[in-house]
Amino acid sequence: GNLQIVGDLEGLELELRPVEEECRRLILGEGAKLSATSGHTESLTKGAYVLLARSEAHEPSRFPFVIEPGSDLQLEVRLPKKGALHAGEIFIPAGAALLGHAGIERESREPREVFVDAFAMGRVPVTFREYLAFITEIQRKTPGAADQHLPRTILDEPRWILQADEWKPVGFDSEVNYDELFDMPVFGITADDALAYAAWLSARDGCNYRLPTDSEWGKAARGTDGRIYPWGNHFDPTFCKMRHSRAVRAEPEPSGRFEVDESPYGVRDMAGGIADWVIPDADSGVFSSDEHRIVFARGGAWCDWPDDCRADVRRTYLAHERGARVGFRLARSL
């Protein structure tokens, strides 16, 4: 098939790398430099590829795509300017992705091409340390007002208490390393809590943080080739943080410890670690009302089974529900 690259390419360095399978996961093969001329066309064999683009004036970005036999693919390359991404954010470019879901109840939907606008997403989920800064600020302004947003157990008991201006963990297993708790992804919060955090951080930083939509999360995790896991199409419990990853009892861990659990764009821990709250797409057909607001949880968690770790699986929750397997990461439209 033919690949045509278009866009404002002046000053860009372009490198084309094929996607190859090695040791049950998809990796990038040897690359080749491409001409940074808009309209430049390359004839490529069938398969998946990633175009790497960089310049001194832009944030380095990845553009995954698939070439089908006899196809003519036009790839628009637009990079965010330096400074457009905030610390810890990953750029997901605009374009179509092959998405679809196999629900936890085994209801399946055939993969379909979905166009997703450009956005930024957190490389890892929000941590307890970051979330408790939000709770502290609310508590400082209005004593007692933060109680409704505290991370809690399913029995509604708080997981943290404030003592002498310091947060002390409670409600955790005695074997959990307390020194690492602050850097673990936050859990035990509802989707409404996550939205409240996004609104607080938006006001603080002067931008518009939000939860990712279902399609945004799917594209960020899978790229454009319809893979089942962020790393490819074969599961291995040592590739992500789930209940069988260690030879000891499963416990939550800080993000980023499983290097293989990385999406084609560089987003981490989308198969394991902690699941993410996401907002259903506008055309999802999911019933929702003020009293019955539906949200999804996407991705696997530290306590999950292999089927939960698939990037095409989602679970349905009410916006006020909470659990030890779900946290969140933020997104921004670009």
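Q: Buried means under 20% relative accessible area, exposed over 50%, and partly exposed in between (1.4 Å probe, protein chains only). Why is α4 described as largely enclosed by the rest of the structure?
A: This is a predicted model, in which local features need pLDDT of at least 70 and side-chain atom pairs count only at pLDDT 80 or more, while totals for chains, interfaces and linings use all residues. Residues are numbered from 1 along each chain as its sequence is written, and side-chain values use heavy atoms, leaving out hydrogens and water. Nine of the nine residues of α4 are buried, so the description applies. The buried residues include Asp214, Glu216, Lys219 and Arg222 as well as Trp217 and Ala220. Gly223, with a positive phi near 75 degrees, follows α4.

Q: What makes residues 214-222 a helix, and which strands does α4 lie across?
A: Helices are DSSP runs of H or I of at least four residues, strands are runs of E of at least two, and both are numbered from the N terminus. Helix α4 lies across β15 (275-278), β16 and β17. Its direction makes an angle of about 5 degrees with β16, where axes are lines fitted to C-alpha atoms (for helices over the stretch in contact) and angles run from 0 to 180 degrees between N-to-C directions.

Q: How do you know that β16 and β17 pair?
A: Pairing requires at least two bridges found by DSSP between two strands. Strands β16 (residues 294-298) and β17 have five bridges in the antiparallel sense, so they meet the definition. Ala297 has Arg315 of β17 as its bridge partner.

Q: Why are β17 and β18 called edge strands?
A: The open sheet has four strands in the order β17-β16-β15-β18, with mixed pairing. Both β17 (314-318) and β18 (326-327) pair on one side only.

Q: Why does Ser263 count as buried?
A: Its relative accessibility is 3%, so Ser263 falls in the buried class. Ser263 sits in the loop between α4 and β15. Its side chain reaches the backbone oxygen of Ala220 at 2.7 Å, inside the limit for a polar contact (N or O atoms within 3.5 Å; within protein, one able to donate a hydrogen and the other to accept it; residues adjacent in sequence count only if both atoms are side-chain atoms). Beyond residues up to four places away in sequence, Ser263 touches Arg62, Ala220, Ala221, Pro230 and Met270, contact being heavy atoms within 4.5 Å.

Q: Why does Arg243 count as partly exposed?
A: Its relative accessibility of 30% places Arg243 in that class. Arg243 also belongs to the loop between α4 and β15. The side chain of Arg243 reaches the backbone oxygen of Cys303 at 2.7 Å. Leaving aside neighbours within four places in sequence, Arg243 contacts Ala250, Trp302, Cys303, Asp304 and Trp305.

Q: What makes α1 roughly perpendicular to α3?
A: The two helices pack at an angle of about 75 degrees, with axes 10 Å apart. Roughly perpendicular covers 65 to 115 degrees (under 35 is roughly parallel, over 145 roughly antiparallel, the rest oblique), so the term applies. Among the residues making the contact are Tyr131 and Phe134 of α1 and Tyr197 and Trp200 of α3.

Q: What makes a set of residues a nonpolar core, and how many residues has the largest?
A: A nonpolar core is a set of buried Ala, Val, Leu, Ile, Met, Phe, Trp, Tyr and Cys residues joined through side-chain atoms within 4.5 Å. The largest has 39 residues, and those with the most contacts inside it include Tyr131, Tyr197, Trp277 and Phe328. The elements giving two or more residues to this core are α1 (128-141), α3 (191-205), β15 and β16.
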